[in-house]
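Me: I have just opened this one and would like to talk it through with you. Let me put it on the screen.

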Amino acid sequence: MSRLNPAKLHVHWSQGVTPQGPISPRRYTLTHSDATGDLFLTIGADYDRRQVGGLYTRLMRDEVLAEWVAGAAGPALHVFCHVSGGLVFGGAAMRDTIFRRELPLVFEAFRHGDRALFAAHPELDRAAVVVHFRSHLARFNRMETWGAPADYRTEVK
């Protein structure tokens, strides 16, 4: 069951990429508004530093960054979540719980927002989604595989 409301997803394309490619470099910067529930996705050759540069975002550190990385088994989507360390709001256990609860929505936003890339390169739907939970605490600093982009397809209504 999809959690994504496509009307709440706002996609911005940065210089160096088009909806169909390239696969690499291709990076995603996802932020959200707590007030409206809107999601803001920038797809570009680099992360959108302006999008994550505001004071509120730097303190919350609840943005999600991702990029396509070539590997021996083919490309994989590597996703990065800042669980603890530095200036962040909330403890690592709370933040880890929130990220884990919201990651399916995040993956749906990536998959839906970049659906033209998946249409042009259907093999990417079978790529691994590798999540890096970054923390200064060993029990939260981990890397996990969360399926494939195809697992997060949404029905366009």
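Me: Which residue stands opposite T29 in β3?

Reply: In β3 it is T42 that stands opposite T29. Please bear in mind that this is a predicted model, in which local features need pLDDT of at least 70 and side-chain atom pairs count only at pLDDT 80 or more, while totals for chains, interfaces and linings use all residues. Residues are numbered from 1 along each chain as its sequence is written, and side-chain values use heavy atoms, with hydrogens and water left out.

Me: OK, and how many bridges link β2 and β3, and in which sense do they pair?

Reply: β2 and β3 pair in the antiparallel sense over 6 bridges, where two strands pair if DSSP finds at least two bridges between them. These two strands form a hairpin with 6 residues between them, and G37 takes a positive phi near 80° there. Most residues other than glycine have a negative phi.

Me: What else does β2 pair with?

Reply: β2 is also joined to β4, through 4 bridges, and these two run antiparallel. Within that pairing L30 has V64 as its bridge partner in β4, and R27 is partnered in β4 by E67.

Me: What about L65, buried or exposed?

Reply: L65 lies in strand β4 and counts as buried because its relative accessible area is 15% (buried means under 20%, exposed over 50% and partly exposed in between, with a 1.4 Å probe and protein chains only). The C-alpha atom of L65 is separated by 4.8 Å from that of T29, although the two residues are 36 apart along the chain. β4 as a whole is mostly covered, with 5 of its 6 residues buried, and across the chain of 157 residues the buried ones make up 46%.

Me: Let me zoom out. What order do the strands take in the sheet?

Reply: The sheet is open and holds 7 strands in the order β1-β3-β2-β4-β5-β6-β7, with mixed pairing. Its edge strands, each pairing on one side only, are β1 (9-13) and β7 (142-145). β1 runs parallel to β3 (residues 39-44), and 5 bridges join the two; W13, for instance, has I43 as its bridge partner in β3. The chain has 3 helices and 7 strands, which from the N terminus on run β-β-β-α-β-β-α-α-β-β; they are DSSP runs numbered from the N terminus, helices being H or I of at least four residues and strands E of at least two.

Me: New topic: which peptide bonds are cis?

Reply: A cis peptide bond joins G21 and P22, with omega about -5°, and the one from S24 to P25 is cis as well, with omega near 0°. P22 sits in the loop between β1 and β2, and P25 is found in that loop too.

Me: How many residues are in the largest nonpolar core?

Reply: The largest nonpolar core has 33 residues, and those with the most contacts inside it are Y28, V79, F107, F110 and V131. Such a core is a set of buried Ala, Val, Leu, Ile, Met, Phe, Trp, Tyr and Cys residues joined through side-chain atoms within 4.5 Å. Elements that give two or more residues to this core include β2 (27-32), β4 (64-69), β5 (76-82) and β6 (129-134), but α2 gives the most, with 8 residues. In soluble globular proteins, nonpolar side chains tend to be buried together.

Me: Last one: which residues line the largest cavity?

Reply: The lining is made up of Y28, W68, L77, F107, F110, R111, F118, V129, P149 and Y152. Helix α2 (residues 92-113) gives the most to this lining, with 3 residues. A cavity here is a set of points on a 1 Å grid over the protein atoms alone where a 1.4 Å probe fits but cannot get out, and lining residues have an atom within 4 Å of a point.

Terms used:
On a 1 Å grid over the protein atoms alone, a cavity is a set of points where a 1.4 Å probe fits but cannot get out, and a pocket is an open set with protein on both sides within 12 Å along at least five of seven lines; lining residues have an atom within 4 Å of a point.
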